[in-house]
Amino acid sequence: MPSLPPLLLPLFLFFPFTYSRPFPDPLQHAKHPIALQPRLGNDTWGSFHRFLDLGRGSHANGLSGLKRYFARFGYFPEPYPTQLSDSFDARLEAAVVRYQAHLGLPITGKLDGTTLAQIMTPRCGVPDPIANRSNQTGPIERFTFFTGRPRWTGSKPLTLTYAVSPAHTIDYISRANIAAALRRSFARWARVIPVRFVESAEYEVADVKVGFYSGDHGDGEPFDGVLGILAHAFSPESGNLHLDAAERWAVDLGKEESQVAVDLESVATHEIGHVLGLGHSAVKEAVMYPSLSSRMKKVELRADDVEGAQALYGSNPDFRFSQLVESETSSAHRYALRGGRGIPRRGWTGAAVVVSMLMV
Ligand SMILES: [Zn+2]
Ligand SMILES: [Zn+2]
């Protein structure tokens with residue numbers, strides 16, 4: 001680690017894992033470039049901090065690694081050459097612009113602090129579906145689907161069974177606690193769409209198969225160790241939902257002290273969105289936003305998530321959209337009342353809800 005002034009060292013140790021920041025705030029990153037130092041326990045993308053402020057025409061050792069990152073997450077529409085150079089060429093610039101558009105960041109085409117901080121944040125392994133878009137460079141404002149808009153079909157009401165692999169699991173959280181976290185995650189989606197999820201003991205025949213896997217586990221999407229890629233799931237009607245066994249999973253962040261702990265319920269809720277057919281959203285507050293910092297809990301479906309799921313399945317007849325808007329407002333109140341760190345930008349949240357309502 002490079003030497004830091006004594007005053008900044010505690011800030012560096014604390015800042016990347018600030019627990020009560022409910023939403024990543026790009027402006028904060030821009031004000032505190034210290035956050036771009038390598039992150040504890042995450043060697044996967046931590047070294048990218050040295051590319052700060054690079055733009056087209058520059059050259060840096062290891063920049064080919066960043067190109068592989070963009071290729072991995074779908075930001076090169078055409079296949080990239082196998083021999084990647086360390087030059088910041090036009091194609092990399094175009095990829096940076098697409099990434100910024102897809103993640104809801106200011107579009108600069110450069111590796112500014114905001115963009116690099118986002119790139120280094122742990123995320124889902126499912127590529128961002130840029131290929132679906134007619135406008136490749138403008139900002140994306142809401143939910144997306146997989147190519148061809150696949151969804152589960154069957155007699156109504158649609159019922160999907162799910163089970164956790166008895167063989168591919170983790171031993172430091174009880175099966176009962178894993179099951180409880182998953183039950184809450186599935187229930188969030190079931191509340192808004194007419195789909196029932198039923199827990200099953202028959203893993204082999206369950207519609208949705210959940211398992212914890214390490215490294216290369218046979219589906220062509222290897223996991224990468226602590227942080228980096230946290231999980232992935234496949235589009236309908238695959239039902240495979242895989243969590244990286246190398247993470248320090250937590251069902252109660254209040255009791256789990258690890259700085260690299262990842263909230264199981266948050267990641268499961270996100271991956272179930274993929275299982276149902278949703279892609280990634282550019283709305284930062286949405287559960288379907290692709291990244292999630294360690295020690296962050298983000299489980300409440302937002303208007304954007306609900307609209308996406310309902311576009312595929314229709315609405316649960318018992319669900320009222322106004323309840324969601326109310327709960328988004330009241331959760332903003334709760335954060336504000338808590339004070340200090342973690343206060344979300346209420347104006348932004350409110351604006352997002354209003355815009356979503358207008359688009360219905
Ligand atoms: Zn995802
Ligand atoms: Zn997998």
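Student: Why is histidine 242 counted as buried?

Tutor: This is a predicted model, so the case rests on computed neighbours. Histidine 242 has 22 C-beta neighbours inside 10 Å. The cut-off for buried is 20 or more. Histidine 242 therefore counts as buried.

Student: Where does histidine 242 lie, and what does it touch?

Tutor: Histidine 242 is part of strand 5, residues 240-244. Setting aside residues up to four places away in sequence, histidine 242 touches Gly211, Tyr213, Ala231, His232 and Ala233.

Student: What makes histidine 232 buried?

Tutor: Use the cut-off again: 20 or more. Histidine 232 has 20 other C-beta atoms within 10 Å, so the label is buried. The residue sits in strand 4. Beyond its neighbours within four places in sequence, histidine 232 is in contact with Cys124, Gly125, Val126, Glu221 and His242.

Student: What separates the C-alpha atoms of histidine 232 and leucine 243?

Tutor: They are separated by 6.6 Å, with the two residues eleven apart along the chain.

Student: Is aspartate 219 buried or exposed, and how do you know?

Tutor: Count its neighbours. Aspartate 219 has 12 C-beta neighbours inside 10 Å. Exposed means 12 or fewer. Aspartate 219 therefore counts as exposed. Its place is the loop between strand 3 (208-213) and strand 4 (231-233).

Student: Which positions does UniProt list with His217 as "binding site"?

Tutor: The unreviewed UniProt entry places that feature at His217, Asp219, His232 and His242.

Student: Which other positions carry the "binding site" feature?

Tutor: UniProt, again from an unreviewed entry, also lists Asp224, Gly225, Asp244 and Glu247.

Student: Why is aspartate 224 called partly exposed?

Tutor: Aspartate 224 has 18 C-beta neighbours inside 10 Å. Buried needs 20 or more, and exposed needs 12 or fewer. The count of 18 falls in between, so aspartate 224 is partly exposed. Aspartate 224 is found in the loop between strand 3 and strand 4. Apart from neighbours within four places in sequence, its contacts are Thr44 and Ile229.

Student: How do you know that aspartate 244 is buried?

Tutor: Within 10 Å of it lie 26 other C-beta atoms. The threshold is 20 or more, so aspartate 244 is buried. This residue belongs to strand 5. Not counting residues up to four places away, aspartate 244 touches Phe223, Ile229, Leu230 and Ala231.

Student: What makes strand 5 mostly covered?

Tutor: Four of the five residues of strand 5 are buried.

Student: What makes strand 5 a partner of strand 3 and of strand 4?

Tutor: Pairing needs at least two bridges. Strand 3 and strand 5 have five, in the parallel sense. Strand 4 and strand 5 have three, in the antiparallel sense. Both therefore count as pairs. Leucine 243 is the bridge partner of phenylalanine 212. Leucine 243 is also the bridge partner of alanine 231.

Student: Which residue takes a positive phi in the hairpin of strand 4 and strand 5?

Tutor: Glycine 239, near 85 degrees. The hairpin has six residues between the strands.

Student: Which residues touch the most other members of the largest nonpolar core?

Tutor: Trp189 and Val267, in a core of 73 residues.

Student: How do you know where that core lies relative to domain 1 and domain 2?

Tutor: See who contributes. Domain 1 (8-120) and domain 2 (158-319) both give residues to the core, so it lies between them. Valine 267 is in contact with Leu230, Ala231, Leu243, Val262 and Leu292, leaving aside neighbours within four places in sequence.

Student: Why is helix 5 called mostly covered?

Tutor: Helix 5 covers residues 113-120, and eight of its eight residues are buried. Among them are Leu116, Ile119 and Met120.

Student: How much of the chain counts as buried?

Tutor: Of its 360 residues, 40%. The chain has ten helices and seven strands.

Notes: Residues numbered from 1 in each chain as written. Chains lettered and ligands numbered in written order. Predicted model: local features only at pLDDT ≥ 70, side-chain atom pairs only at ≥ 80, totals over all residues. Helix = DSSP H or I, 4+ residues; strand = E, 2+ residues; numbered from the N terminus. UniProt positions renumbered as here; feature names shortened; annotations may be inferred. Contact = placed C-beta atoms within 7 Å. Core = buried A, V, L, I, M, F, W, Y, C linked by C-beta atoms within 7 Å. Domains from an automatic or database assignment.
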